[in-house]
Amino acid sequence: MAKKNADAPKYSKETYKFWYESMQLQRKFEEKCGQLYGMQKIKGFCHLYIGQEACSSGSKSALIEGDKYITAYRDHGIPLALGTSPNAIMAELYGKITGASKGKGGSMHIFDKEVGFVGGHGIVGAQIPMGAGLAFAEKYKKSGNVSITYFGDGATRQGALHEAFNMAMLWKLPAIFVVENNGYAMGTSVERTSNVTELYKIGEAYDMPSEPVDAMNVEAVHEAVSRAAARARAGEGPTFLEFRTYRYRGHSMSDPQKYRSKEEVEAYKDRDPIEQVKHTILEHNILTQAELDAIDAKIKVQVQESVDFAETSPFPDKSEAYKDVYVEENYPFIEE
């Protein structure tokens, strides 16, 4: 009996179902994006989240409504996990007016205020102080909410991180900082660019509680973010998490990936986050294979519907170039 209890699933059926469906939606959506990019339906920069899905889905299940999320330009997966319509994201990738950012942001600048997603940001590391600012706002308003800020391993070498970490600790902001360490930044390994290769230790310089997380395992992500959120809501300040993850595709769609071996990629695929949670689901009879197949079929329809929606949506009118632009009246530094 003790053995059975030890092996029992740690979370509810609803949670495991959410994780599987959420990660699978991200995977299939991104695979379709890769195809469409090759067909030149999606243009410009495009950074896929394939392999990193546990980072977003495990965070979402650990946090609550009203919490704020901000990330870099690999930003399709997080809003999908939060519940943004695949239609709105695909239309944005197409540059259509029905997109999440009205076709003005494209792949790298998706926003959805309704689900607390404060955007993808193109300047490396720029979102880190913004995430601290979001946390400051929640503390100021006494909302009880937290902010979670994601960035890549390359951004840990930006000065903005250190400024934000210092202020976040000084003011005990309800912030969770997450480096999604997929090992290569754009295409150069952490070992070649950083003296500190265990990146979570950077937070320790500021006395910030910091830890590494196996981010190929959605349960581990959920647990780490839950601990960090509990600290933040208790007024104990920020946490720095190093999500040790991996992207199966290149940095962007134009990346030939010559800096790593096929064997390395395949080794990480053996630890695939979706396959791990699927194994747990089937091993403990949480869902049947038929039920998983039904989820897969539903997602296939969702993804195709998002493509059809994007294809048939109109491009923005030229007048949109003059909308959603911040203007300060009587700006004092313009010479007539």
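**View 1. Lysine charges over aromatic rings.** In this predicted model, the charged end of Lys269 sits over the ring of Tyr248, 5.5 Å from its centre. Lys96 lies over the face of Phe315, at 4.8 Å from the ring centre. A charge sits over a ring if NZ of Lys or CZ of Arg is within 6 Å of the ring centre and within 35 degrees of the ring normal. Residues are numbered from 1 along each chain as its sequence is written, and side-chain values use heavy atoms, without hydrogens and water.

**View 2. The aromatic pair of Phe136 and Tyr140****.** The two rings are stacked, 6.3 Å centre to centre with 20 degrees between the planes. Rings of Phe, Tyr and Trp (its six-membered ring) pair if their centres lie within 6.5 Å; planes under 30 degrees apart count as stacked, over 60 as edge-to-face and the rest as tilted. Phe136 is partly exposed at 41% relative accessibility, and Tyr140 is exposed at 64% (buried is under 20% relative accessible area, exposed over 50%, partly exposed in between; 1.4 Å probe, protein chains only).

**View 3. An aromatic cluster.** Ring pairs join Phe151, Phe165, Phe177, Tyr206 and Phe240. The structure holds 11 aromatic pairs.

**View 4. Surroundings of Phe243****.** Leaving aside residues up to four places away in sequence, Phe243 touches residues including Cys55, Tyr150, Val213 and Val225 (contact means heavy atoms within 4.5 Å).

Technical notes: This is a predicted model: local features need pLDDT of at least 70, side-chain atom pairs count only at pLDDT 80 or more; totals for chains, interfaces and linings use all residues.
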